[in-house]
Amino acid sequence: MSSSSRVAVVTGAARGIGAATAKRLAADGYAVAVLDLDESACAATVSAILEADGEALAVGVDVSDEAQVEAAVARIAAELGPPVVLVNNAGIIRDNLIFKMTTADWDAVIGVHLRGAFLMTRACQKFMGEQKFGRIVNLSSSSAQGNRGQANYSAAKAGLQGFTKTLAIELGRFGVTANAVAPGFIQTDMTAATAERIGMPFDDFIAAAAKAIPVQRVGQPDDIAATISFLCSEGAGFVSGQVIYVAGGPLD
């Protein structure tokens with residue numbers, strides 16, 4: 001199968017890293033299912049793909065809801081074809097110091113990141129096995145190494161690394177690779193929300209972050225999309241179970 005006859009699924013694809021990834025995979029020749037909590041929010045991403053002569057389908061789904069995930073993947077298979085590339089990008093933040101963090105904040109973040117990745121992967125992997133080809137990319141984060149005010153997010157992103165390595169072990173015999181991409185500071189709505197939480201203008205937040213990064217700039221969604229594009233390619237068939245930090249330099 002060539003990429004032009006394959007279907008990719010990207011969760012959390014209405015904006016930011018997810019939108020950039022969906023557009024990049026479409027440019028690579030994949031038909032792309034653009035997933036987000038609100039289907040209408042996917043319109044801009046889908047329109048950009050269609051305007052570039054690509055193929056895309058907007059699908060609204062709460063990735064932490066088992067029934068919604070099963071229905072969404074069934075729809076994708078029926079309307080686009082069997083999904084053989086899955087990018088688990090959907091994520092939320094509910095930042096707070098541990099003594100202020102509520103159980104609801106913990107459950108929401110773990111639910112979207114970890115449960116969501118599990119449900120989406122379980123639903124898609126059967127199609128990958130049937131096609132004897134599959135690429136799974138999970139979005140981890142540099143926060144997996146620990147980050148003040150993000151006990152829930154850090155735990156989820158570290159958990160995704162263990163999840164990825166286990167998928168690589170279990171699914172490799174079926175022609176399926178699984179890898180994780182762990183972004184450093186990427187300029188998105190999510191990092192803007194972090195700046196707001198700490199009471200710092202976003203431009204100042206970006207400037208301060210850039211000074212601490214060896215390449216002297218913050219990352220952009222396209223930086224992550226480029227790495228994901230490689231991991232989803234034929235050429236990455238011998239790369240599996242890896243966590244790739246895309247952070248502009250080594251992390252302490």
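Q: In this predicted model, which handedness does the crossing of α3 and α4 have?
A: Helix α3 covers residues 66-79 and helix α4 covers residues 103-131. The two pack at an angle of about 35°, with their axes 10 Å apart. Their crossing is right-handed.

Q: Which residues of α4 meet α3?
A: On the α3 side, the contact uses Glu 66, Val 69, Glu 70, Val 73 and Ala 77. Their partners in α4 are Arg 115, Leu 119, Met 120, Arg 122, Ala 123, Cys 124, Lys 126 and Phe 127.

Q: How many charged residues does the contact of α3 with α4 have?
A: Glu 66 and Glu 70 are among the α3 residues in the contact, and Arg 115, Arg 122 and Lys 126 are among those of α4. By class, the contact has 8 nonpolar residues and no polar ones. The charged residues number 5.

Q: How are α1 and α2 oriented to each other, roughly parallel or roughly antiparallel?
A: Helix α1 spans residues 16-27 and helix α2 spans residues 43-51. Their axes come within 10 Å and cross at roughly 20°. Angles under 35 degrees count as roughly parallel. The two helices are therefore roughly parallel.

Q: How many nonpolar residues are in the contact of α1 with α2?
A: α1 passes α2 in a right-handed crossing. From α1, Ala 19, Ala 22, Lys 23 and Ala 26 meet Thr 45, Ala 48 and Ile 49 of α2. The contact includes 1 polar and 1 charged residue, and its nonpolar residues number 5.

Q: How many disulfides does a search of the whole structure find?
A: A disulfide is a covalent bond between the sulfur atoms of two cysteines. Cys 42 is in none, and the nearest cysteine sulfur, that of Cys 124, is 15 Å away. For Cys 124, the closest cysteine sulfur is in Cys 232, at 12 Å, too far for a bond. Over the whole structure, the number of disulfides found is 0.

Q: Is Cys 124 buried or exposed?
A: Cys 124 is one of the α4 residues that meet α3. Its relative accessible area is 0%. Buried means under 20%, so Cys 124 is buried.

Q: What is the relative accessible area of Cys 42?
A: Cys 42 is in no disulfide. The residue is buried. Its relative accessible area is 0%.

Q: Which residues does Ser 229 contact, leaving aside its neighbours within four places in sequence?
A: Ser 229 is found in helix α8, residues 221-231. It is buried, with a relative accessible area of 9%. Its contacts beyond those neighbours are Arg 24, Leu 25 and Asp 28.

Q: How far apart are the C-alpha atoms of Pro 221 and Gly 146?
A: Pro 221 is also in helix α8. It is buried, at 14% relative accessible area. Not counting residues up to four places away in sequence, it touches Gly 16, Ile 17, Ala 20, Ile 186, Gln 187 and Thr 188. Gly 146 is 75 residues from Pro 221 along the chain, and their C-alpha separation is 22 Å.

Q: Where does Lys 132 lie, and what is its phi?
A: Lys 132 is found in the loop between α4 and β5. The residue is exposed, with a relative accessible area of 64%. It is not a glycine, yet its phi is positive, at about 55°.

Q: Is Gln 216 buried or exposed?
A: Gln 216 lies in the loop between α7 and α8. It has a positive phi of about 60° although it is not a glycine. Its relative accessible area is 52%. Exposed means over 50%, so Gln 216 is exposed.

Q: What is the C-alpha distance between Leu 139 and Ala 151?
A: Leu 139 lies in strand β5. It counts as buried, at 3% relative accessibility. Residues it touches include Ile 17, Val 87, Leu 160 and Ile 228. Ala 151 is 12 residues away in sequence, and the C-alpha distance is 17 Å.

Q: Which residues does Ala 117 touch, not counting residues up to four places away in sequence?
A: Ala 117 is found in helix α4. It counts as buried, at 2% relative accessibility. Leu 97 is 20 residues from Ala 117 along the chain, with the C-alpha atoms separated by 25 Å. The residues Ala 117 touches are Asn 88, Val 112, Asn 138, Leu 160 and Phe 163.

Conventions
Residues numbered from 1 in each chain as written. Predicted model: local features only at pLDDT ≥ 70, side-chain atom pairs only at ≥ 80, totals over all residues. Heavy atoms only, no water. Axes fitted to C-alpha atoms, helices over the stretch in contact; angles between N-to-C directions. Helix = DSSP H or I, 4+ residues; strand = E, 2+ residues; numbered from the N terminus. Parallel < 35°, antiparallel > 145°, perpendicular 65-115°, else oblique. Left-handed = near helix turned anticlockwise from the far one by under 90°. Contact = heavy atoms within 4.5 Å. Nonpolar A, V, L, I, M, F, W, Y, C, P; charged D, E, K, R; others polar. Disulfide = S-S within 2.5 Å. Buried < 20%, exposed > 50% of the residue type's maximum accessible area, 1.4 Å probe, protein only.
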